[in-house]
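Subject: The structure you asked about

Hi there,

Here is the structure for you to open alongside this note. Have a look at it first, and then read on for what turned up.

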Amino acid sequence: MLSLDGLPSPCDNISIKTWEVRGISPGFPCEYQERQAVSVARKVLIVEDDTNIAELMNLYLKKEGYDTMVAGDGAKALELYPLFRPDLVLLDIMLPILDGWGVLHKIRETDSTPIILLTAKGETIDKVSGLEMGADDYIVKPFEMKEVLARIHAVLRRFGEDEPKAKKLVFDGLVVNLDSYELEVRGKRVDTPPKELELLFHLASSPNRVFTRNQLLDEVWGFDYFGDSRTVDVHIKRLREKLENVSDQWSLKTVWGVGYKFEVRGA
């Protein structure tokens with residue numbers, strides 16, 4: 001493949017057409033080109049120098065379907081910002097090289113991208129200063145990830161960037177509704193524990209994709225769950241009892257030595 005300047009492209013899986021449509025400069029590093037070309041998820045730039053906190057936020061946001069990048073200092077944040085083009089920035093104030101105030105000021109010179117400040121400082125004056133400088137919300141450490149996710153959703157909704165998606169899957173003889181936490185089999189509601197329903201929804205959301213037990217533990221039970229992988233086997237067994245012989249168009253399959261998949265014939 002040739003790049004726009006006629007030279008061999010370093011990103012073989014990205015077409016020139018994709019560059020033109022996405023408005024991606026061929027001078028950008030491959031990793032940014034690839035992520036911008038394929039990403040349809042909301043993008044969050046995490047700016048946090050504490051690696052443990054940054055990794056935790058990164059894992060949870062990815063689990064929620066966000067595309068993320070992490071910067072460990074203010075200078076790196078300003079380097080990544082125009083390349084990644086985030087829909088929202090989670091910005092720590094106490095950063096090396098350039099602090100959060102400097103990053104906030106620089107972004108606000110040109111863009112109105114939503115910014116949520118993260119800080120260990122809880123004084124009212126810091127909150128007021130951040131909001132007056134153009135921040136959209138403020139979270140004080142230590143925080144729960146549920147609070148972070150809720151605030152991200154709220155801020156993106158205000159900006160019209162986070163339209164709620166219906167969590168309902170329909171197959172032959174089967175309806176999995178995570179909005180109402182209901183399972184319908186052949187038109188009849190079947191009482192199902194929440195975690196079983198979440199597991200089925202997760203598998204059925206990606207038909208024919210194979211998940212390992214550890215993946216399912218992380219993505220359904222959460223990264224802070226320390227249970228045994230046999231937990232997945234038990235839940236699969238119970239689901240099969242509810243879904244046995246419902247349809248010949250789909251089934252819960254075991255992929256020996258790997259894990260499980262929701263197999264849809266012809267998909």
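A word on terms before anything else: helices (H or I, at least four residues) and strands (E, at least two) are DSSP runs, numbered from the N terminus. By that rule, Tyr 60 belongs to helix 3 (residues 51–63).

Please keep in mind that this is a predicted model, in which local features need pLDDT of at least 70 and side-chain atom pairs count only at pLDDT 80 or more, while totals for chains, interfaces and linings use all residues. Residues are numbered from 1 along each chain as its sequence is written, and side-chain values use heavy atoms, with hydrogens and water left out.

The chain as a whole

The chain has 10 helices and 12 strands. Of its 267 residues, 41% are buried; buried means under 20% relative accessible area, exposed means over 50%, and partly exposed is in between (1.4 Å probe, protein chains only). The chain exposes about 14,400 Å², and carbon and sulfur atoms supply 51% of that area. Those areas come from the Shrake-Rupley method with a 1.4 Å probe, and for residues only the protein chains shown count as cover. Among contacts (heavy atoms within 4.5 Å) with a separation of 6 or more, 52% are between residues 24 or more positions apart.

The nonpolar cores

In soluble globular proteins, nonpolar side chains tend to be buried together. A nonpolar core here is a set of buried Ala, Val, Leu, Ile, Met, Phe, Trp, Tyr and Cys residues joined through side-chain atoms within 4.5 Å. The largest one has 28 residues, and Leu 174 and Phe 262 touch the most other members. Elements that each supply at least two residues of this core include strand 6 (168–171), strand 7 (174–177), helix 9 (213–221) and strand 12 (259–264). Helix 8 gives the most, with six residues. A second, separate core has 19 residues, including Val 47, Leu 80, Ile 93 and Leu 117.

A pocket is found on a 1 Å grid over the protein atoms alone, as an open set of points where a 1.4 Å probe fits, with protein on both sides within 12 Å along at least five of seven lines; lining residues have an atom within 4 Å of a point. The second largest pocket holds about 150 Å³ of space. Grid points are joined across faces, edges and corners, and the volume is the space filled by probe spheres set on the points. Its lining includes Leu 239, Arg 240, Glu 244, Trp 250 and Leu 252. Helix 10 (230–243) and strand 11 (250–255) each supply at least two of the lining residues. The lining divides into five nonpolar, three polar and two charged residues, where Ala, Val, Leu, Ile, Met, Phe, Trp, Tyr, Cys and Pro count as nonpolar, Asp, Glu, Lys and Arg as charged, and the others, Gly among them, as polar.

Backbone features to check

Most residues other than glycine have a negative phi, and most peptide bonds are trans. Tyr 181, in the loop between strand 7 and strand 8, has a positive phi of about 50° although it is not a glycine. Arg 186 also has a positive phi, of about 55°, and sits in the loop between strand 8 and strand 9 (188–190). Tyr 181 is partly exposed at 37% relative accessibility, whereas Arg 186 is exposed at 54%. The peptide bond from Lys 141 to Pro 142 is cis, with omega near -5°; Pro 142 lies in the loop between strand 5 (137–140) and helix 7.

A few single residues

Back to Tyr 60: it counts as buried because its relative accessibility is 15%. Its C-alpha atom is 9.3 Å from that of Lys 146, 86 residues away along the chain.

Leu 78, in helix 4 (residues 74–84), is partly exposed at 27%. Beyond four places in sequence, Leu 78 touches Leu 98, Val 103, Lys 106 and Ile 107.

Phe 159 lies in the loop between helix 7 (145–158) and strand 6 and is partly exposed at 36%. With residues up to four places away set aside, Phe 159 touches Ser 112, Pro 114 and Asp 136.
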